[in-house]
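Hi,

Here is the structure I promised to pass on to you. Have a look at it first, and then read on for what I found in it.

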Amino acid sequence: MHRGAWSKQEDQKLVDYITKHGEGCWKNLPKAAGLLRCGKSCRLRWMNYLSPNLKRGNFSEDEDDLIIKLHALLGNRWSLIAGRLPGRTDNEVKNYWNSHLRRKLIKMGIDPKNHRISHYLHIKSLEYWSKFCKTENDGVISDATSSCANDQQTTNSLPDLNSLP
């Protein structure tokens, strides 16, 4: 068995064989194609790098939005998410989520795990609103953060993150 990086000759053998015979049984393909690789390695090389159906290049804004919405709905089920993005592989979508989109949501103040306002941002908003909920008792100003936090009016005044684009 050969391991490590694929050579151009190996890539060409795999492409030529699949073009001529189709994908078929991945377990038997390496021997039939004259490759010293395992079937899984051949399948992954074809699916993730060599297939002519793959879409190359940067993700579009529409793809970003769709990935975020599908992730909120499906979680980390990358193959199901990639199935809705023609030409994108599950591995590519997963890597893009972890390297770009997750950070984008964090910068927006959204928790990427549950797609809700992040706990840190929620605490900051409570601190902000507590400034307006100060009460005066016997000439001493006390902080009414706890009563303000439970106040329905405060939670209704926070922005609705589900309506964001």
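**Around helix H1**

The buried residues of helix H1 are covered by, among other parts, helix H2 (29-33) and helix H3 (39-50). Before going further, please keep in mind that this is a predicted model.

Helix H1 takes in residues 8-21, and at 1.5 Å a residue its 14 residues should span 20 Å; the end C-alpha atoms are 20 Å apart, so the two agree. Its buried residues are Glu10, Asp11, Leu14, Tyr17 and Ile18. Because these cover an arc of only 135° around the axis, they sit on the same side of H1. On the face turned away from that buried side you will find the exposed residues Lys8, Gln9, Thr19 and Lys20. Just after the helix comes Gly22, which has a positive phi of about 85°.

**The chain as a whole**

The protein chain holds 9 helices and 4 strands. Read from the N terminus, the order of its elements is α-α-α-α-α-α-β-β-α-β-β-α-α. Of the 165 residues in the protein chain, 31% are buried. The chain exposes about 11,600 Å², and 52% of this comes from carbon and sulfur atoms. If you are interested in sequence separation, take the contacts between residues at least 6 apart in sequence: 45% of them join residues at least 24 apart.

**The nonpolar cores**

Which residues touch the most other members of the largest nonpolar core? They are Ile67, Ile81, Val93, Trp97 and Leu101, in a core of 14 residues. Helix H4 (61-74), helix H5 (78-83) and helix H6 (90-107) each contribute at least two residues to this core. H6 gives the largest share, with 5 residues.

Trp97 deserves a look of its own in your viewer. Setting aside neighbours within four places in sequence, Trp97 is in contact with Ile67, Ile68, His71, Trp78, Arg102, Leu105, Pro112 and His115.

Best wishes

How values were computed:
Residues numbered from 1 in each chain as written. Predicted model: local features only at pLDDT ≥ 70, side-chain atom pairs only at ≥ 80, totals over all residues. Heavy atoms only, no water. Expected span 1.5 Å × (residues − 1). Buried < 20%, exposed > 50% of the residue type's maximum accessible area, 1.4 Å probe, protein only. Arc of directions from axis to C-beta. Contact = heavy atoms within 4.5 Å. Areas by Shrake-Rupley, 256 points an atom, 1.4 Å probe, with all protein chains shown as cover. Core = buried A, V, L, I, M, F, W, Y, C linked by side-chain atoms within 4.5 Å.
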